[in-house]
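Hi there,

Here is the structure I promised to send over. Have a look at it first, and my notes follow below.

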Amino acid sequence: MAGVQVMPAAVDAAGLRKARVGAAPSGGSGVSTSLFAGDWRRKARRTSCSVRVLRQARSRGGLGIVCNLGGQYEETFDDVQLQLMNYFTYKAVRTVLTQLYEMNPPSYRWFYNFVAVNKPTDGKLFLRALSKERQELAERVMITRLHLYGKWIKKCDHGKMYHKISDENLMLMRERLMETVIWPTDDTNTEKIG
């Protein structure tokens, strides 16, 4: 089927190191690692997730799983921390905009135009640019960001959040199951009453 990514059924570590796109793994499984089965026009791409021997895992004598889509979560969640910081920067910018709208309309207009040009999606870059233009507004955003994070930490119930994620995952899997199940039709009502 064109455009479908085919993963080998059984893969050994030695086979991954030597495997080339389109070649069978050395384990002798005979399953092709071709990324696009049956579509010769597409270029073969490197797989998103693979098993590699990592430096840390090598010292322990094991393998580590590397997924380029979601990152590698052996010890840290640095990308999650960065996303949280960026989100709190965004929330702080919105809060400061609201405060300036009510208290200082000329500063609001300037800050609004600045935010329109310099999106606050990357908090560090945004705050660097803002501090070059108006240091007092940058400090206000930083203080507001820290305050909002402190409020969130006090109100966030991590156990409740875990259960929310678990319940949502279960609900989504249940919905998907209901979509894929073929329900039997009731053929007794299709007869004509005569």
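In which helix do Glu179 and Arg176 both lie, and how many residues apart are they? Both are in helix 7, 3 residues apart, which is about one turn of the helix.

Before the rest, a word on the ground rules. This is a predicted model, in which local features need pLDDT of at least 70 and side-chain atom pairs count only at pLDDT 80 or more, while totals for chains, interfaces and linings use all residues. Residues are numbered from 1 along each chain as its sequence is written, and side-chain values use heavy atoms, with hydrogens and water left out.

Back to that pair: the side chains of Glu179 and Arg176 form a salt bridge, at 3.2 Å from N to O (a side-chain nitrogen of Lys or Arg within 4 Å of a carboxyl oxygen of Asp or Glu). A search of the whole structure finds 1 salt bridge. Glu179 counts as exposed because its relative accessibility is 60% (buried is under 20% relative accessible area, exposed over 50%, partly exposed in between, with a 1.4 Å probe and protein chains only).

As for the overall layout, the protein has 7 helices and 2 strands (DSSP runs numbered from the N terminus: H or I of at least four residues for helices, E of at least two for strands). Their order from the N terminus is α-β-α-β-α-α-α-α-α. Of the 194 residues, 19% are buried.

Pro120 sits in the loop between helix 4 (105-117) and helix 5 (123-133). Its C-alpha atom is 9.9 Å from that of Phe88, 32 residues away along the chain.

Val181 follows helix 7 (158-180) and counts as partly exposed, because its relative accessibility is 31%.
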